[in-house]
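Dear colleague,

Please find below the structure I promised to pass on to you, followed by some notes on what came out of going through it.

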Amino acid sequence: MTPPPVTATPVVEHGPAVGHAAGHAPQGGLSHFLSTYVFSKDHKVIGLQFLFSTLLWFLIGGLLALAVRWQVAWPWSDVPVIGKLFAQEGGQMSPEFYTMLFTMHASVMIFLVIIPILAGAFGNFLIPLMIGADDMAFPTLNMLSYWFMWPAFACFGASFFVEGGAASGGWTSYPTLSTNPASSPASGMGQTLWLLGLTFVGVSSMLGSVNYMTTIILMRAPGMTMFRLPMTIWAMFITAILQAFALPVLTAAGFMQLSDRMLGTGFFSPEGNVVNNAIAGAGGGQPLLWQHLFWFYSHPAVYIMILPAMGMVSDILTVFARKPLFGYRPMVYSIAGIAGLGFIVWGHHMFMSGMNPALGITFMVSTMMIALPSAVKTFNWLGTLWGGKIQFTTSMLFALSFVSMFIIGGLSGIFMAATPVDIFIHDTYFIVAHFHYVLFAGTAMGVWAAIYFWFPKMFGRTMNEFWGKVHFFLTFIFLNGTFFTMHILGAVGFPRRLADAYHYETFHHLQPMNAFMTYCAIGMVATQVIFAANFIYSMFWGPLAGRNPWNANTLEWTAPSPPGHGNFDYQPIVHRGPYEYSVPGVEKDHLMQTDPPNAAAAAAAAAAH
Amino acid sequence: MGKRLAGIFWSLLFLAVPVLGVATFAIAPAYDHWLPKDVSEHGASIDSLFYFILALTGVVFVVTEVLLFWFMWKYDEAKQQGQATYIQGSHTLEVVWTIIPAATLLFLAIYQMNAWADVKMRRPAMSPTVEVVARQFEWRLRYPGRDGTLGTADDLFLVNDLHLPIDEDVLVQLKSMDVLHSFFLPNVRIKQDAVPGMKIPVWFKAREAGEFDIVCAELCGWGHYKMKGRVTFEPRAAFDAWLERKYAEQGATQPPPEAADMAAAE
Amino acid sequence: MNTSNPSSAMLRSTVLLALLAAVVGCGKTPPASFRLNMVQATKTSAPESGMEKPWSSWARERQAQVATILEAMYGTPDEPVALAETGLDLAKLQLAAGPVRSDIVGRKNGLYREHCAHCHGISGDGMGPTAAFLNPYPRDYRPGKFKFKGTWRDARPARDDLARVLHEGIPGSSMPSFALLPPAQVEALVEYVRYLSMRGETELSLYTYAEQELGVDDVLPTTKEFLVDEILTPIVEKWQGAEDAKIPVAAVPANVDFTKPGDDPANQESVARGRTLFHGDGGCVKCHGVTALGDGQANDYDDWNKVIVEWSKEVTGGLGTPQDDAGRSAWLHAAADVIEGDALRPRTIPPRNLRLGLYRGGRRPVDLYRRLYTGINGAPMPGVGPSGPGGKGSVADAEIWHIVNYIRSLPYEFDGELGADRPMVAKDRF
């Protein structure tokens, strides 16, 4: 990493001035308002639009989960709020309503919350800022990627109100349950709207991923080599590649299912398939085909749902440990390894599906191996903390909990990778525990870490640290209470997706544990009121933040808080990697990426400003 | 001082993770919140693999989480004087903690292949003992009848009440009439999806008599939760006697007396 | 930029958000309640000329009277009442009624709501939340008609008939088998079905009485003599008589051997005789088709759907004509709303495909005998046996066994590859 040549005169190097940091002068008029705040092409506004929309859907998905938990803990009892829909029956929900609840909980969380918040909100906001660009490569495409989410919101939202209710075939939407309109109440309009919504989300993601890849490859600031990129950007970059290659398969499969449902084709239905005494369709297809196509996308999707969080957590840990990232290159290679291997493990969702058991062996081997890069990353995080000077800010606490919880989620994956064990735990709560640990206890904690961390940059004010820690503490306790015992339920064989499991001899003693878990879940959702209040209050009345409240190194902290159009006062020029914390011989405990190449020059620059 | 107390508090909170985690797994079996009783022959290899992985991941879990706690405790800013250690990484460590997990995982992968092949690939050469056809929302059973062949007019048709002999190989032919279902016998460590359009063999041997649950383990619609079946394992003689009773009932030409109508169907 | 006292401002926002959540979310759902049979209620409440108050408020009053009487006689879904005259066992009803729970002594309650209500409805009207999506629709108990039983066609089912349906389920429909429930729970559910059916029949009887006997200003009598003697007793008598109304089952002829399959030589003569009767005196091919695939005539409705279809025809026909007074128009519009919103969309009933080997009422020879003897009550399927004790049917009692033998052989009759002239038969389907 050789620094660029020092020019003769100015001690501090600046590039040509670009844009202005102050806010734009108000020019009035509706079209101006629309183009600035609604149909904006500024990546920061788009990022915030994604953030607000996904946080709102996070609330909806969480409430759906509470309804699921209620039924699992106290089946056929009077459900709060929703019970009014079933007033005739005294408030007890119908079984198909339950299947809809868990289907839509998962669909909303995966497609409308986690994927858009990582790539759409944080990817959009951070990528140009962290690489030193003034915006994305394709600003109009970027705006479209946000607005394509709105038809998706409309489709998913409307599906709750159509006859038969929202989709209820599971978020995995397996045929022939989902392809045959007679197979379940929601297998009519609800399922069709679900497929359409998915298509829109897919288009939005594709537009985004094209943008991110191009921007990261072509628009980096001078001096920002690939191996000086912060881990956040590496993660976003590789995630974008994953999206681009995997998503078309899901879109194609979605069209095939729509075609089966509406045009009478038989991609996924065998001949003579009669469901609920309805006339059989054309047939000639295979239900397993959908599973292969679906999981070919959805397995990389789960890495799409964690890699950005891993990247952001890596960055946050270094800032608050005041230490360089341990093993930068291995960390990059690990992310690439996870992504690459992620394309050849999809069959581990199908071990029991009836596919050739020999494939069970091949997928088992590749799945075992994908645990390796994740393990390497975990060790490197621990290495990052070793010998550090840890500041326990709210953001850091969430980042640390990501590591702690990811360990649990990752290790539990090994059980299901082992095919003989999977015979027993497939489709039980062991699986539910695993993915909630990686997705909620992992990614969502990472997302909160990122929100608390980058909030000052987004809004120019910091969130309240005390209430942030209260939020963290309660969420941490309640989420472990809700999800850890799911491993135990899975060990008993407690199946997923059952509206009432207690009439089985094997499971009828598990009700008290489920009741405990539901109390914890209620606590967890209630805790988010604190977060919401903190977020909203701090947006308008929080203490003003400077450019770099955390004394971090990466480029976004050189821009004003919040940055204006064009992001930076002057074109940033990068002289070093992003993790130069506690450099020996330097008085400041961090050297920003844009700080001049030698220490004396740095000191003089500090004196001059 | 306040900051140090805070650091201690957070470190101890993270220490609670391995402590309570291990405690949960240690205490659960005492409350019957653990693997259900296994009456199959192959179940022991599945259970022992489960325990092996549990031990392995348990050790890794405890070590990594305790390290995390320890680093949080020791490297608290309120406790540290001077600068943090400026180190970019360690090539040696990277090699060590790549090779060792890789070898372990590879060993684990190879070690379990036999167990999988036994349950899913090495089908015994025999004709089906029973055909189980999953349907929204019940298990329809068909026994071959006195001629021993499935698909002839003397087949025995039943619902949900599966009987099988112990101490001999049993072959179940699994089909589905409508949508995906999954034939899950928790106490036999057997699970296989029933796919419409496919005929999938499932085989096992039970060592012990008893009555256990059949659970549907693949979402099949609103009634997925009520697809409860019962499998009764009994000695061959009792099994044959039960079959005879059922053949007789299926050929009943007189309604049995009222009280016996239900009891006789047992 | 007011940063003074941020903590208290935070507290205020938190409390406000929490209050909002509480306001939106609070309030328990009222207890379950029976629904009136609105189709019958509107059908039997034609306005008369010279009514002083508007028809709609008069109809509501009438319905309220009926509801009050029914609540007094039968109680609520949470707390059933069993008048001594009905002969119903209150303890069993209490097991089945109420919200789902297990009380302290480890006894399960709320059985009906746990197992049945979401299809059959809390009132036994066959219109639970799931019902609209099922094919065939779940049974509506209120007319007191049941398809699969061993009693004379118009008689009520005996207790063991109902228990048998619960035990075996109805293959080919969404009615599952409850064979794994303890017998005491099955008995409780059978009792509750009888209770709901009696309640439904009482309701229908009250509407009929009101339509035929009462004037516009009359109120339904609530005296014991009226309610018990005139309304309830005929209903209860039919139910109690069911136990003794079993059809006689003729002896099996010598050339029929049900221990052997239908295509066995021992049964050849009988199966041939059965085929002759099927195509001849039995009159089966008109609906089931000469192929026995159920491809004969298929435009008929079962009785439950027929009520809706016929009433809906009257209503739509009446809506178009000029009304003689405002009450009439209100009545017809109310009826149209009820049919639109409160009744399941009518479906025709296809004749059974006999080559599938799926027999809804049970596959034992005696089950098939019963279906043939009395036909299926509530469905267009006529019986070939006598219509009452001491009568004469179109086929002799003993000969019915030959038709049974023929039907049992049908699913295995075809040979060769699957194709247009050889549709899927039992051995492929299963």
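In this model, which is predicted, H2(A) passes H3(A) in a left-handed crossing. The two helices, H2 with residues 43–73 of chain A and H3 with residues 95–131 of chain A, have axes that come within 7 Å and cross at roughly 160°. Because angles over 145 degrees count as roughly antiparallel, H2(A) is described as roughly antiparallel to H3(A). As for the residues that make up the contact of H2(A) with H3(A), 23 are nonpolar, eight are polar and one is charged.

Turning to chain B, strand S5 (residues 169–176) pairs with two strands, and the directions deserve attention. With strand S1 (residues 130–135) of chain B, S5(B) runs parallel, and five bridges join the two; within this pairing, B:Val132 has B:Leu174 in S5(B) as its bridge partner. With strand S8 (residues 200–205) of chain B, on the other hand, S5(B) runs antiparallel, joined by six bridges, and here B:Lys205 in S8(B) is the residue that B:Asp169 stands opposite.

Finally, there is the contact between chains C and A, in which 32 residues of chain C meet 37 residues of chain A. On the chain C side, the elements that give two or more residues are helix H1 (6–25), helix H5 (111–115) and helix H6 (117–120), and the largest share, nine residues, comes from H1(C). By residue class, this side of chain C divides into 19 nonpolar, nine polar and four charged residues.

With best wishes

Notes:
Residues numbered from 1 in each chain as written. Chains lettered and ligands numbered in written order. Predicted model: local features only at pLDDT ≥ 70, side-chain atom pairs only at ≥ 80, totals over all residues. Contact = placed C-beta atoms within 7 Å. Helix = DSSP H or I, 4+ residues; strand = E, 2+ residues; numbered from the N terminus. Nonpolar A, V, L, I, M, F, W, Y, C, P; charged D, E, K, R; others polar. Pairing = 2+ DSSP bridges. Axes fitted to C-alpha atoms, helices over the stretch in contact; angles between N-to-C directions. Parallel < 35°, antiparallel > 145°, perpendicular 65-115°, else oblique. Left-handed = near helix turned anticlockwise from the far one by under 90°.
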